[in-house]
Amino acid sequence: MRWDNLGDDPAAAGTALFGTDAVTTRTFDTPEFRGITFHEVRARSIVNRVPGASRMPFEWTINPYRGCTHACVYCFARKTHSYLDLDTGLGFDSQIVVKINAPELVRRQLASRHWQGAHIAMGTNVDCYQRAEGRYGLMPGIIEALRDHANPFSILTKGTLILRDLDLLVQAAQVTEVGISVSVGFTDQELWRTVEPGTPSPQRRLDVVRRLGEHGIGCGVLMAPVIPFLGDRPDQLRETVRAVAEAGATSVTPLVLHLRPGAREWFFTWLRQHHPHLVGRYERMYAAGAYAPTWYQRRITRQVHELAAEFGIGPAHRGAPRRLSVPEEPALAGAPEQLTLL
C-alpha cells in the first residue's frame, strides 16, 4: 500500500496527505463491519481545493473518508483507490481510509487568517455519511466548526445517518447557507439491491428529504444515476419523480450514468453477471468514452423536467440556499467533469 505523496489531487507533487507513520489498521467483528478494513490516518490537510481543470460548481471540498461501503457499482471515485495501490473493485468497498483528525483540521483551517470563508462541498467524492461515519462520528465536529465560523457548506449523501446531525444542521442554517442534496436515481427495489447494495433504500433516503423539510431545511434530489435500459423507462422515471415530489424535495436534477476508468471495468463486470444481454448495448452506447450520447442525455433531462413540472417541483430558484447541483445537460459541450454520488 502506498501512502506518501498522496493528496486529494494525486497529480499534484509535494502535497502529501499523510505518511506511513500515521496509519493504523483496524477491523471490527460486528455484522455491519464484517469483512471491512479501516485504515485510520492523521491527515495533514482536509479542506482541499478542487483541481482547476474541474467544472464542479464549487472550489473547496472536505472528504473525511476514502473508499465507500455503499459499494455502488458505478461509483467514479473507485479510481482514487488505485493511487493507494488498492483494488478499485471489492477493495474500494471494503478498504476504507478514515481521516480521524478531520474535525480538528477543519476548525484549524477555518480559523486561519488566510481562509476567506468560501463555500465548502462535502460528499462529492465518497459519501461522508456512509456506515463508517456511524462508528467514527467525524461529521458532527466538522459541522460544528463550520457553524461556529458561519461558513457556508453543502452536503450530498445517500446516507440516512445525516438525520443524527439534524440539530447541528438547523443551528448552522441559522447563521450561514446550508445546502443539502440527497441522491435517489430510481425507486426500483430490485435495481437498488444490486447496484447500490450498501446503501439505505430509496424510500428511506426520501424520508430524509421529508424530515429535513419538516425542520425548515430545504433538500434537493439529485436523480443520479439514471441507468440506461434498467432505470430509464418512462414509467420508472415517472414513479421516481412522483416519489421525490411527495417527499417535498425543493428540486430534482437528473444525471445519466457515466462510466470513468475504474468504475467502467467494475460496472461491466457487474453487467455481465446480472444482465449479460445488455453488454453489447452498453458497449455501443459508451463507445465514445465515459458519457452517454448527447441525444440520450437531452431526452432524459427533458422527460424528468416535464415530470417535475407536472408534479410541482423544479430547479432551485435564484436566491434559494445554495444546493449541490450539476448543469442540466452536463456533457453537451464535450466531456466535462460531472458530479457523481456514492
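## Helix H2 against helix H4

Let's start with a helix pair: the axes of H2 and H4 (lines fitted to C-alpha atoms, for helices over the stretch in contact, with angles from 0 to 180 degrees between N-to-C directions) come within 8 Å and cross at roughly 15°. That makes H2 roughly parallel to H4; angles under 35 degrees get that label, over 145 is roughly antiparallel, 65 to 115 roughly perpendicular and the rest oblique. The crossing of H2 and H4 is right-handed, meaning the near helix is turned clockwise from the far one by less than a right angle, with anticlockwise being left-handed. Helices (H or I, at least four residues) and strands (E, at least two) are DSSP runs numbered from the N terminus.

A quick word on provenance: this is a predicted model, where local features need pLDDT of at least 70 and side-chain atom pairs count only at pLDDT 80 or more, while totals for chains, interfaces and linings use all residues. Residues are numbered from 1 along each chain as its sequence is written, and side-chain values use heavy atoms, with hydrogens and water left out.

On the H2 side, Ala102, Pro103, Val106, Arg107 and Leu110 meet Gly141, Ile142, Glu144, Ala145, Leu146 and Asp148 of H4, where contact means heavy atoms within 4.5 Å. By class, there are 7 nonpolar, 1 polar and 3 charged residues in this H2 and H4 contact. Nonpolar here covers Ala, Val, Leu, Ile, Met, Phe, Trp, Tyr, Cys and Pro; Asp, Glu, Lys and Arg are charged, and the others, Gly among them, are polar.

## Helix H4 and its other neighbours

H4 (residues 139-148) also has a partner in H5 (residues 166-173): their axes come within 9 Å and cross at roughly 15°. H4 and H5 are therefore roughly parallel to each other too, and their crossing is left-handed. Pro140, Ile143, Glu144 and Arg147 of H4 make this contact with Leu168, Leu169, Gln171 and Ala172 of H5. Sorted by class, the H4 and H5 contact has 5 nonpolar, 1 polar and 2 charged residues.

H4 is mostly covered, with 7 of its 10 residues buried; buried means under 20% relative accessible area, exposed over 50% and partly exposed in between (1.4 Å probe, protein chains only). The buried residues are Met139, Pro140, Gly141, Ile142, Ile143, Ala145 and Leu146. They pack against strand E4 (60-62), helix H2 (102-111), strand E7 (120-122), helix H3 (132-136), strand E8 (153-157) and H5. Just after H4, Ala150 takes a positive phi of about 50°.

## A four-stranded sheet around E6

Over in the beta part, 4 strands form an open sheet with mixed pairing, in the order E1-E2-E6-E5. E1 (23-27) and E5 are its edge strands, each pairing on one side only; two strands pair if DSSP finds at least two bridges between them. E2 (residues 37-41) runs parallel to E6, with 5 bridges joining them, and Val41 stands opposite Lys99 in E6. E5 (residues 65-66) and E6 run antiparallel and are joined by 2 bridges, with Arg66 opposite Val97.

How many residues of strand E6 (residues 95-99) are buried? The count is 5 of the 5, so E6 is largely enclosed by the rest of the structure. Gln95, Val97 and Lys99 point one way and Ile96 and Val98 the other way, and all are buried.

## Two loop residues

Gly198 lies in the loop between helix H6 (189-195) and helix H7 (202-214). Leaving out residues up to four places away in sequence, Gly198 touches Thr69, His70 and Arg131. The C-alpha atoms of Gly198 and Gly159 are separated by 9.9 Å, though these residues sit 39 residues apart along the chain.

Thr250 is in the loop between helix H8 (234-246) and strand E11 (252-256). At 32% relative accessibility, Thr250 counts as partly exposed. Its C-alpha atom and that of Gly220, 30 residues apart along the chain, are separated by 5.0 Å.

## The whole chain

Zooming out, the protein chain has 11 helices and 11 strands. Of its 342 residues, 58% count as buried. Among contacts between residues at least 6 apart in sequence, 76% join residues at least 24 apart.
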